[in-house]
Amino acid sequence: MQMASSSSPKGVVVTVPVLVLSLAAAAIFLFFLLSSLSSCSCPSGATTTSVGGGNFGGGEGSTRFKDQMSTSKEDIEWVQDQIRANRLQMQENVLRKGINPRTRAQQLEDLKQFKGISHYEGDESSNHTALPCPGELLVEEHHSNYGEPWAGGRDVFEFLAESVHLKPESLVLEIGCGTLRVGLHFIRYLKPSHYHCLERDELSLMAAFRYELPSQGLLYKRPLIVRGEDMDFSGFGSGNMYDLIYASAVFLHMPDKLVWIGLERLVSRLKPYEGRIFVSHNIKFCSRLGGEECTKKLTTLGLEYLGKHMHDSLLFNHYEIWFELRRAKS
């Protein structure tokens with residue numbers, strides 16, 4: 001009996017401290033767990049992440065990357081900061097010493113006389129160049145064939161692309177693409193074979209095919225460029241429906257009658273209501289008829305005049321005027 005009664009108190013003495021320690025440990029663990037959760041700053045599903053000033057979370061900033069082609073205010077500020085940070089000053093444009101400077105004329109003469117610093121001779125001279133290019137194109141003389149700097153091509157692309165909310169899958173037709181001053185930007189942006197052009201000038205097409213497309217790495221884009229005139233679009237097939245058709249400084253050099261023939265042929269190739277035709281500089285082919293007669297003739301073709309637009313150049317003091325048309329609602 002004594003053994004039994006003495007063992008009972010001993011069992012109680014052992015159990016109580018263990019229970020107290022267990023409860024204390026549990027309380028400490030719970031304290032740290034709650035403390036950890038309350039200080040956590042985990043991102044919620046609505047949080048967006050900005051990298052380098054751009055919003056990649058689908059918010060307002062993401063529009064900059066999807067739809068905006070033109071240079072933004074932030075872009076301008078960035079490049080100005082880079083110029084200041086590198087302490088750059090615009091200096092007199094003279095030939096520099098020590099890097100074999102040449103004007104275009106001198107470069108062309110060097111190519112004709114010396115063929116380049118290192119070159120093959122004799123039978124080997126034509127075995128190592130896949131696409132031999134004339135010297136006049138290599139020194140980019142054709143970049144001076146326009147009434148304004150070559151860089152203006154980017155201005156035209158940005159204006160037109162944003163005006164029609166251009167997408168990579170859009171289909172574009174340019175009337176008179178020349179040496180691709182504007183077209184290169186469309187070709188680069190659009191999916192392969194989605195840029196089409198009608199051009200009559202052989203020298204311009206040679207520059208496009210033999211220099212611009214290869215040197216820009218755009219041969220794989222397979223643009224459909226057709227040599228033709230008199231507004232003959234039969235070379236583009238009959239099933240294409242264009243999101244954008246444009247003519248930059250082309251219609252003002254053509255007889256009015258031929259412009260109207262071209263527009264009549266283009267109406268059926270323009271996407272109903274959503275597609276756009278843009279004509280630069282002026283529409284004297286229409287205004288010469290008088291306001292009422294001009295509107296009447298457009299309506300007869302199934303076209304609707306939407307208005308006049310103007311855009312500025314990014315790099316030089318210049319603006320360009322465009323006139324917008326679309327297929328009228330039937």
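Predicted model: local features only at pLDDT ≥ 70, side-chain atom pairs only at ≥ 80, totals over all residues.
Contact here means that heavy atoms lie within 4.5 Å of each other.

**Two helices side by side**

Helix H9 covers residues 256-267 and helix H11 covers residues 291-301; the two pack at an angle of about 35°, and their axes are 9 Å apart. On the H9 side, the residues that meet H11 are Trp-260, Leu-263, Glu-264 and Val-267. Their counterparts in H11 are Cys-294, Lys-297, Leu-298 and Leu-301. Sorted by class, this contact has 6 nonpolar and 2 charged residues, with no polar ones.

**The largest pocket**

Next comes the largest pocket, with a volume of about 880 Å³. Its lining is made up of 37 residues, and nearest its centre lie Gly-176, Gly-178, Glu-199, Ala-249 and Val-250. The lining divides into 15 nonpolar, 11 polar and 11 charged residues.

Which element gives the largest share of the lining? That is H8, with 4 residues.

**A hairpin of two strands**

Finally, look at strand S8 (residues 303-312) and strand S9 (residues 319-327), which run antiparallel and are joined by 9 bridges. A hairpin of 6 residues connects S8 to S9.

Definitions and conventions: Residues numbered from 1 in each chain as written. Heavy atoms only, no water. Axes fitted to C-alpha atoms, helices over the stretch in contact; angles between N-to-C directions. Nonpolar A, V, L, I, M, F, W, Y, C, P; charged D, E, K, R; others polar. 1 Å grid on protein atoms, 1.4 Å probe; cavity = no way out; pocket = protein on both sides within 12 Å on 5 of 7 lines; lining within 4 Å. Points joined across faces, edges and corners; volume = space filled by probe spheres on them. Pairing = 2+ DSSP bridges.
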